[in-house]
Amino acid sequence: MSDGQFAAAWRLLPGYLGQHVLLSSAALLLGLAISLPLSVAAARNPRLRWPVLAIASLIQTIPGLALLALFFPLLLALSMVTHALFGWTLPALGFLPSLLALTLYSMLPILRNGVTGLLGVDPAVLEAADGVGMTPSQRLWKVEAPLAAPVVMAGVRTAAVWTIGAATLSTPVGQTSLGDYIFAGLQTENWVFVLFGCAAAAILAMAADQLLGLVEKGLAMRDRRRVALGAASLVIGAALIIAPSLAGGMTGSGALCDRGQELLRAVHPGRDDG
Amino acid sequence: MAAPLIAIDKVSKSYGGALALNDVSLEIAAGRFVALVGTSGSGKTTTLKTINRLIDPDMGEVRLDGRPVGDEPGPQLRRGIGYVFQGVGLFPHLTVAENIAVTPRLLGWAEDEIAPRIAELLDLVALPQDYAARFPSALSGGERQRIGVARALAARPRVMLMDEPFGALDPVTRIELGDAYRALHDKLGLTTVMVTHDVSEAVLLADRIVVMKGGRVLADDTPRNLLTGAADPYVAALMASPKQQADRVAALMARQ
């Protein structure tokens, strides 16, 4: 029976893994897009620094599952507003709430390290950058960013591992992920599934951490090959994993997704989203 | 009489209620080497920085070649002025060559102009050509400041601003680099303003010495005139200090 379960788990892997990587990488990229400019602003402006870091820390204290679940009522409320104003509704379950919650979750490590990295640049080097005639923008891109990069990358690594781990909690809000193994396994007492899900998520997190570590080391040692190798492996690896999943449609394994919907309907009778 | 190259005209600057510069006026003729001398807090660095707009005055005007420096955006102005300071500030992630080439690149020089210019500057600051590929971390303090000077001279500025450039170096290197820089100043026809709290250095290198205290100019004259008789007692005491120290050393050596 164990063989059959393992084989079943293996068959589901491409779909779950693809969705998981898609969700995690989207959240991490969005987190980067928000946190990097925000850390530049916070590093430049002492009055902005404390509120920004405090809010990010506060978000971190909310347990992952709670944060994900929180977006369900939030998006429902927002959906009512957008419906009233523009006539369109937002999905309150599935990819969107998961993406938003995970993005928020990924922000703190990147913000903290971004600010620390930028503030850690030698003031003499900054004075020299001004003295040779760089504009503030040139100073940021040519001097501050390269010098802060190793510290920022360390933050990105932490954010990546946390996001990959927290993404397993997206199952109850209707988004397929490696967490589907774990939740389904718990419900049906299928321990092979539970272990498989845990192992898959852990291995994915470790692989991402190692590859990002390669990029971090390359940045610290100013070794372009390491950076290129790490970055290329991440991009190509993610693309290869996500591609089959996108070809097959967004919802992945229908049966387990339905199970998730059943759970939610049991908790929220009378709601029609799904 | 020719108009001064640099004119500091009734400049004042305060920080949080404290007056760092109090109605300072100075004129620096082209080709001159002027030393700004004084203790910490005298306003000499603040004065220097108003010339390349690292600091903007609250009142008054600074003019370069007749034009107010405020007319031009700071970064563009600074690309035409060499700036060397105590912390050196070489970019650690760039090679020596890339450090030197920074301002020329910002100005859009062609690559085939930059390479020979780097070689020329390494010669000018008496460093071997193979230093071009090294990183600043591989250089000694004196070598780093030589590159700092090379970087400041790269885009052929007319004016060099120096803020205690040799202050972090040992006495032997300080003298060596000071003399070497004076030779460059003469050879290239530069106009140099140098801040220093080392009176001996000012006396030996500068054409004019400006003594500042508490944000005001106390004296502005040639080293010889200041040494032989200054009206202000503070200035007199300051100018006498190198000789006093030399006399003490000589007495010590005579005793032995």
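How many residues does the contact take from chain B, and how many from chain A? I looked this up in what is a predicted model. I noted 20 residues from chain B and 17 residues from chain A.

**Entry: buried area.** I then looked up the area that goes with this contact. Chain A and chain B bury about 1,500 Å² between them, and 67% of that lies on carbon and sulfur atoms. On the chain B side I listed the residues that lose the most area to chain A: Phe91(B), His93(B) and Leu106(B). Together they account for 35% of what that side buries.

**Entry: polar terms.** I counted seven residue pairs in polar contact between the two chains, both residues at pLDDT 80 or more. For salt bridges between chain B and chain A the count is one. I traced a salt bridge to the side chains of Glu127(A) and Lys49(B), at 3.5 Å from N to O.

**Entry: make-up of the chain B side.** I checked which elements of chain B supply at least two residues each to the side that touches chain A, and noted α2 (74–78), β6 (81–85) and α4 (102–107). By class I found twelve nonpolar, four polar and four charged residues on that side.

**Entry: sheet in chain B.** I followed an open sheet of four strands, antiparallel in its pairing, in the order β2-β1-β4-β5. β2 (18–28) and β5 (67–68) of chain B each have a single partner strand, so one side of each has no neighbour in the sheet. I looked at β1 (residues 6–15) of chain B next, which pairs with β2(B) in the antiparallel sense over seven bridges. For Val11(B), I recorded Val24(B) in β2(B) as the bridge partner.

Note on methods. Residues numbered from 1 in each chain as written. Chains lettered and ligands numbered in written order. Predicted model: local features only at pLDDT ≥ 70, side-chain atom pairs only at ≥ 80, totals over all residues. Heavy atoms only, no water. Pairing = 2+ DSSP bridges. Contact = heavy atoms within 4.5 Å. Buried area = accessible area lost by both parts, 1.4 Å probe. Salt bridge = Lys/Arg side-chain N within 4 Å of Asp/Glu carboxyl O. Polar contact = N/O pair within 3.5 Å; in protein donor to acceptor, adjacent residues only side chain to side chain. Nonpolar A, V, L, I, M, F, W, Y, C, P; charged D, E, K, R; others polar.
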